[in-house]
Amino acid sequence: MTDWLTPDEWRAVALSLRVSFWATLVSLPFGLLVAYALARWNFWGKPLLNGVVHLPLILPPVVTGYLLLIIFGRRGAVGQVLDEWFGVVLAFRWTGAALAAGIMAFPLMVRAMRLAIEAVDPRLEQAAGTLGASRPWVFATVTLPLILPGVIAGAILAFAKAMGEFGATITFVSNIPGQTQTLPSAIYAFLQVPGGEPQAARLVAIAIAIAMAALLLSEWVARAVARRISGQ
Amino acid sequence: MTLRIALKHRFEGFSLDLAFEAPAGVTALFGRSGSGKTTVINAVAGLFRPDEGRIAADGVVLLDTGAGRCLPPHRRRIGYVFQDARLFPHLTVRQNLLFGRWFAPAGPDVGPGVGLERIVALLGIAPLLDRRPATLSGGERQRVAIGRAILSNPRLLLMDEPLAALDEARKGEILPYLERLRDELGLPILYVSHSVAEVARLATTVVLMEAGRVTAIGPASTILSDPAIAPVMGLREAGAMISARVVAQEADGLTRLDTGAGPVWLPRIEAAEGATVRLRILAQDVMLATRRPEGISALNILSVTVRDIHLGEGPGALVRLSAGEATILARVTRRSVDALDLRAGRPVFAVLKAVSVARENVGRAGP
């Protein structure tokens with residue numbers, strides 16, 4: 001296996017998978033909460049929340065990366081607190097790459113989940129309430145099973161987006177081989193050196209394969225769950 | 001079990017202001033669409049919060065805006081059968097039925113312990129248990145929804161036009177199950193309907209609603225045979241509800257009944273001899289004669305007394321007749337009232353064709 005990829009290339013692929021996995025997993029509960037709030041609740045500042053969530057989708061990724069550096073960098077407002085109180089450093093670490101990837105993927109995740117939640121008939125939740133289920137139980141026994149296809153689709157979409165995230169990542173955590181050099185950063189780095197194109201091409205093939213696999217998997221899982229839920 | 005309801009709420013262009021008491025049995029909230037019936041039961045369920053109001057079921061206060069008390073729906077223990085079933089699509093019929101069981105409080109204060117098997121048998125849904133809601137017919141779904149509500153062990157059952165979305169055949173399929181529920185479980189039911197036929201079959205008490213107000217309340221037999229209320233129900237639907245005892249099943253396919261005002265023969269009624277049934281006799285099916293008619297094909301000729309005559313705005317009149325203990329309504333023309341010289345206290349004969357009492361107008365009598 002190792003003979004067709006150099007250790008550096010392997011590290012980039014493995015790091016990308018790890019970054020995307022954690023970015024998706026950690027943002028999942030937040031995504032669900034925000035999607036639910038946007039779909040169901042009316043509160044002051046809802047348009048603002050909606051805007052902030054979608055901002056990374058529209059802003060140049062380099063701007064998002066720069067903002068992350070300002071906020072979560074060692075001298076940043078949040079970064080300083082994390083460093084001094086918890087000893088957590090994000091800038092120029094793989095955890096920072098996961099943060100950047102998670103934030104860039106967040107809007108996609110929230111959109112998929114929000115659509116799923118909006119498709120759930122609130123009258124079913126009312127019915128569950130009259131049968132004795134409190135709000136959290138209604139969510140666990142009725143809402144969540146019904147939105148599961150959307151949650152899975154959102155998670156897989158977020159994973160694929162995290163795998164491909166480049167601009168914000170390279171701005172926030174740079175491009176350190178073995179540390180913060182994800183798949184796209186590695187491809188970029190290989191293209192910068194003469195004769196690096198064959199290496200870049202191999203990674204490009206891997207990137208395409210992973211992205212395709214993620215899409216097919218998400219389709220398949222969502223369809224299986226939808227079949228189970230609709231009772232067909 | 002008595003349910004006390006007092007509500008006040010202002011909507012745009014509509015206000016609700018009413019108070020009534022629902023005794024045990026089936027209380028039908030009857031009125032046109034838009035009269036506020038569903039709003040009332042939503043308030044009882046806790047799905048709608050009125051500006052002002054107090055709702056108490058026996059000693060338990062569910063809502064008291066004056067005292068700032070409002071129990072959330074899941075703590076009210078009130079079963080709700082919606083017009084559109086609302087079964088959970090991701091669960092099987094069995095899981096749907098048992099949904100409320102996860103949350104129903106266990107303990108001595110819980111009402112009549114009703115087991116899954118009994119309800120399944122009562123509603124005839126045993127063959128459906130492992131199926132998903134998507135594969136059920138409308139009538140089957142509604143029966144499952146009724147079972148699901150009962151199995152959550154409620155103190156009272158709300159039904160919001162549970163038959164409205166079904167065709168006539170499906171209604172006829174479900175009505176006997178509702179009668180069995182009423183007679184065998186003793187669970188108080190608040191039943192919203194705008195169908196006189198359903199109310200006549202099921203209700204023990206009728207609450208008549210118009211534009212957010214209660215305009216009449218009383219025992220079903222009294223309200224349904226009140227000529228003053230007939231225009232609200234629709235004159236074609238006007239008619240009396242009487243109880244009758246099955247005396248004999250006769251060889252030519254007729255059933256002989258005793259109404260208290262003489263024998264009545266109707267097309268075969270599936271009930272044991274000695275059983276009591278409810279008949280709804282439409283006013284437009286009753287003819288009046290001052291002498292006992294002879295040489296007439298109608299089988300049922302009852303000797304009755306005119307109680308009062310209610311003249312409407314058109315050419316028609318509703319005549320209320322005392323037939324022993326029971327009351328019968330007859331819809332005739334004013335011209336006939338004059339020609340026959342009908343007036344209160346006058347003995348007359350009411351003529352009813354056996355075949356004019358439709359099958360869906362014969363039901364089980366309540367307890």
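Helices (H or I, at least four residues) and strands (E, at least two) are DSSP runs, numbered from the N terminus. This is a predicted model, in which local features need pLDDT of at least 70, side-chain atom pairs count only at pLDDT 80 or more, and totals for chains, interfaces and linings use all residues. Residues are numbered from 1 along each chain as its sequence is written, while chains are lettered from A and ligands numbered from 1 in the order in which they are written.

**Stop 1: the annotated domain of chain B**

Select residues 295-361 of chain B, which UniProt lists as "domain: Mop" in an unreviewed entry. UniProt positions are given in the numbering used here, feature names are shortened, and annotations may be inferred rather than shown by experiment. This stretch of chain B is 9% helix and 51% strand, with 27 Å between its end C-alpha atoms.

**Stop 2: chain A as a whole**

Next, select chain A, which contains ten helices and zero strands. Its C-alpha atoms fill a box of roughly 70 × 45 × 30 Å, taken along the principal axes.

The unreviewed UniProt entry annotates "transmembrane region" in chain A at residues 20-39, 51-73, 85-106, 137-160 and 200-222. Select two of these in turn. Residues 20-39 of chain A are 100% helix and 0% strand, and their end C-alpha atoms lie 26 Å apart. Residues 85-106 of chain A are 68% helix and 0% strand, with end C-alpha atoms 27 Å apart.

**Stop 3: from chain A to chain B**

Select helix α6 of chain A, residues 122-130, where A:E125, A:Q126, A:A127, A:A128, A:G129 and A:T130 are buried. What do the buried residues of α6(A) pack against? Their partners are α7 (135-164) of chain A, together with α1 (37-45) and β7 (78-81) of chain B. After α6(A) comes A:G132, with a positive phi near 105°.

Now display both sides of the interface: 23 residues of chain B are in contact with 18 residues of chain A (contact requires C-beta atoms, placed from the backbone, within 7 Å). On the chain B side, β7(B) gives the most, with three residues. By class, that side has 13 nonpolar, six polar and four charged residues. Ala, Val, Leu, Ile, Met, Phe, Trp, Tyr, Cys and Pro count as nonpolar, Asp, Glu, Lys and Arg as charged, and the others, Gly among them, as polar.

**Stop 4: the sheet of chain B**

Follow β7(B) into an open sheet of six strands with mixed pairing, in the order β7-β8-β9-β3-β10-β11. Two strands pair if DSSP finds at least two bridges between them. β7 and β11 (213-219) of chain B are at the edges with a single partner strand each, so one side of each has no neighbour in the sheet.

Select β10(B), residues 205-210, which pairs in the parallel sense with β3(B), residues 26-30, over four bridges. Across this pairing, B:L29 stands opposite B:V207, and B:A28 stands opposite B:V206. Five of the six residues of β10(B) are buried.

Finally, select β11(B), which pairs with β10(B) in the antiparallel sense over six bridges. Here B:I217 is the bridge partner of B:V207. The hairpin of β10(B) and β11(B) has two residues between the strands, and B:A211 takes a positive phi near 45° there.

How values were computed: Buried ≥ 20, exposed ≤ 12 C-beta atoms within 10 Å, placed from the backbone. Contact = placed C-beta atoms within 7 Å.
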